[in-house]
Amino acid sequence: MAGAQYVPLGAGLDASLSLLEAESSPGAGAAGPEEPAELPMVFLCAGCKRPVGDTLGWVANDEETGCVLLRSASPNVSVEKEQKLSSRPGECGCMIETLFCSGCSMTLGNIYRCTPKHLDYKRDLFCFSVDSIESYILGSSEKQAVTDDEPLTLESRAGLEEAIERAETILKALEARLSVVESSFASRHNS
């Protein structure tokens, strides 16, 4: 992943995902020709860098609690089946299930299964803590693969085969000369 751009969620998340929030609002259209299109993001476990989700499942960014809300998560995310009562301030009465990384067992966030009315927007969504994930913007790599300008055609293949035949002829002639030199050296050495 040389050239990959890892973006700290606090800095790049708002800018990268503003388009997603605009698209989800009523009456939002495609970006104008002067506005650059935002690239999709992949969210990675901060511990082992396994992908845990992406912006295709984007719902919202809750800046107050520091979490990213997604509709779906990757198979690298495990959900603890035991439901717990949340002890966080302002979440009285919330039943949560803990999300953790299948690779490194790092706690990634929660799924809210039962919520009071003011937290209904979080119910049954994957709530990833921004401290537990990193993001990668797809298409942000600066290095490009070097490709040949001219594709291989029958004509260019014939030219390559001819060049290979000439090289083989030269190598055979050099091999014959080397044999002569080696045999004369061996005969002088034995006498």
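1. A salt bridge here is a side-chain nitrogen of Lys or Arg within 4 Å of a carboxyl oxygen of Asp or Glu. By that rule, glutamate 162 and arginine 166 are paired, with 3.9 Å from N to O. Both residues belong to helix α2 and are four residues apart, about one turn of the helix; helices (H or I, at least four residues) are DSSP runs, numbered from the N terminus.

2. The model is predicted: local features need pLDDT of at least 70, side-chain atom pairs count only at pLDDT 80 or more, and totals for chains, interfaces and linings use all residues. Residues are numbered from 1 along each chain as its sequence is written, and side-chain values use heavy atoms, with hydrogens and water left out.

3. Helix α2 holds another such pair, glutamate 161 and arginine 157, also four residues apart. Their closest N and O atoms are 3.0 Å apart. Glutamate 161 is partly exposed at 39% relative accessibility, as is arginine 157 at 46% (buried is under 20% relative accessible area, exposed over 50%, partly exposed in between; 1.4 Å probe, protein chains only).

4. Aspartate 120 and arginine 123 form a salt bridge at 2.5 Å, N to O. Glu97, Arg113 and Asp124 are linked in a salt-bridge network. The whole structure has eight salt bridges.

5. Leucine 171 also lies in helix α2, which spans residues 154-190. Leucine 171 is exposed, with a relative accessible area of 56%. Together with Ile170 and Leu174, Leu171 makes up a nonpolar surface patch of about 310 Å² accessible area. Patch residues have over 30% relative accessible area and no salt bridge, with like charges joined within 9 Å and nonpolar side chains (Val, Leu, Ile, Met, Phe, Trp, Tyr) within 5 Å. Accessible areas come from the Shrake-Rupley method with a 1.4 Å probe; for residues, only the protein chains shown count as cover.

Conventions:
Helix = DSSP H or I, 4+ residues; strand = E, 2+ residues; numbered from the N terminus.
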